[in-house]
Amino acid sequence: MKKRPRIIQKTKSLLQKEISSICPFCDNEDVDHFHFHHIDENPENNDMLNLLMLCPICHSKITKGDITREDVERKKRDISTNQKDVLLFFQEIAPLVFDLIIFGEQEKDRSINPWVSRLESRYSEISNELRRLAIKDVSIQKGWTVLLDELAKSIDNFVNREVCLYRGLTEDIKDAVEKAKHLKVSIIDPFFASQRAPLTLKKDFAMQLRMLKSLNDRAEMMLNEGKIEELQGKVSEIGHDLLILSMYNTEDFPKAIKGKLYSISREIHLMETKRNNHSFDRQESFRNRLNELSGQLNALAVELPNVTYAAN
Ligand SMILES: [Zn+2]
């Protein structure tokens with residue numbers, strides 16, 4: 001008689017995650033006693049796609065024929081589609097909500113134009129996106145529709161507000177930012193904490209570092225050619241992308257490093273807003289500041305294991 005090959009631990013934990021630790025047929029949660037069913041009834045086929053984790057009672061129903069093979073196959077298909085949809089949903093919503101928080105926390109530095117109107121148009125875009133996500137199957141299934149709609153409404157209130165000179169941007173934007181933070185903590189953070197390694201944060205971080213280094217090397221030349229605003233825009237964009245990376249709740253970056261990454265990236269992101277002083281001084285101070293921040297970021301990269309940046 002042939003020996004049944006064992007199901008490896010990695011597959012087992014993926015299968016448990018696939019069903020969110022709940023029996024897909026009866027909602028039993030006693031996951032420690034669950035079985036692994038071979039869908040094609042070949043016990044040697046331990047392919048992830050051929051296995052379904054479920055409670056012993058439902059497993060015996062399959063054996064007796066009370067649950068048909070067709071039912072099992074349909075269930076497996078629904079589960080894997082749903083899992084992909086959920087991941088996609090979070091990959092879409094996370095950067096939107098992070099952006100609300102990022103810009104909301106820069107309200108003092110962006111309280112004059114063109115920054116106010118750019119912030120408003122970004123917020124409008126986000127509000128539209130949130131309304132689109134609010135009516136997706138994932139939102140409806142999980143009951144998040146109202147939450148997303150309320151956030152979108154609060155953003156619209158901010159964008160369509162009557163501007164009052166005595167009341168600053170801080171007060172106007174507060175409600176939307178608070179709702180965004182609540183959404184991050186209650187829904188987005190727990191999701192990414194439960195994901196083993198779906199993101200490539202470290203790789204993205206290394207790439208942004210390389211881009212910043214290359215800009216820093218070209219800064220002198222760009223400034224001499226009078227391209228200060230182009231340079232500011234590019235530097236800022238890198239700062240923004242780094243800020244987004246720093247907000248994912250995963251273990252890719254240790255907490256202490258995440259905090260530092262946030263504050264350095266914030267300074268880099270805000271470099272586009274430094275436009276008030278003129279000519280040589282302005283260029284010189286921009287150049288020095290860029291060099292300084294770039295250095296701080298490199299020092300941070302050294303503290304991070306597995307970021308190969310220096311080798312280019
Ligand atoms: Zn069951």
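**Contacts, burial and helix packing**

Modeller: Between the side chains of His38 and Asn46 there is a polar contact of 2.8 Å. The structure is a predicted model, in which local features need pLDDT of at least 70 and side-chain atom pairs count only at pLDDT 80 or more, while totals for chains, interfaces and linings use all residues. Residues are numbered from 1 along each chain as its sequence is written, and side-chain values use heavy atoms, with hydrogens and water left out.

Biologist: What makes the pair formed by the side chains of His38 and Asn46 a polar contact?

Modeller: A polar contact is a pair of N or O atoms within 3.5 Å; within protein, one must be able to donate a hydrogen and the other to accept it, and residues adjacent in sequence count only if both atoms are side-chain atoms. The separation for His38 and Asn46 is 2.8 Å, so the pair qualifies. The side chains of Glu272 and Arg110 also make a polar contact, at 3.0 Å.

Biologist: Why is His38 called buried?

Modeller: Buried means under 20% relative accessible area, exposed means over 50%, and partly exposed lies in between (1.4 Å probe, protein chains only). His38 has 8% relative accessibility and therefore counts as buried. This residue lies in strand E1, residues 35-38, where helices (H or I, at least four residues) and strands (E, at least two) are DSSP runs numbered from the N terminus. Beyond four places in sequence, the contacts of His38 (heavy atoms within 4.5 Å) include Arg4, Pro43 and Leu51.

Biologist: Is Glu272 buried or exposed, and how do you know?

Modeller: Its relative accessibility is 12%, so Glu272 counts as buried. Glu272 is located in the loop between helix H10 (255-269) and helix H11 (279-303). Setting aside residues up to four places away in sequence, Glu272 touches Arg110, Trp115, Arg118, Gln232 and Ser236.

Biologist: Which class do Ser20 and Ser21 fall into, and why?

Modeller: Ser20 has a relative accessible area of 52% and is therefore exposed. Ser21, at 26%, counts as partly exposed. Ser20 lies in the loop between helix H1 (9-18) and E1, and Ser21 is likewise found in the loop between H1 and E1. Phi is positive in Ser20, at about 50°, although this residue is not a glycine; for Ser21, phi is near 60°.

Biologist: How many disulfides does the structure hold?

Modeller: With a disulfide taken as a pair of cysteine sulfur atoms within 2.5 Å, the structure holds zero. Cys55 is buried, with a relative accessible area of 0%, and Cys58 counts as buried at 2%.

Biologist: Why are H3 and H4 called roughly antiparallel?

Modeller: Angles run from 0 to 180 degrees between N-to-C directions, and axes are lines fitted to C-alpha atoms, for helices over the stretch in contact. Under 35 degrees counts as roughly parallel, over 145 as roughly antiparallel, 65 to 115 as roughly perpendicular and the rest as oblique. H3 (residues 69-104) and H4 (residues 115-134) pack at about 150°, with axes 10 Å apart; H3 and H4 are therefore roughly antiparallel. Among the residues that meet are Phe89, Leu96 and Phe103 in H3, and Leu119, Tyr123 and Leu130 in H4.

Biologist: Where is Pro114 placed?

Modeller: Pro114 is in the loop between H3 and H4. A cis peptide bond, with omega about 10°, joins Asn113 and Pro114.
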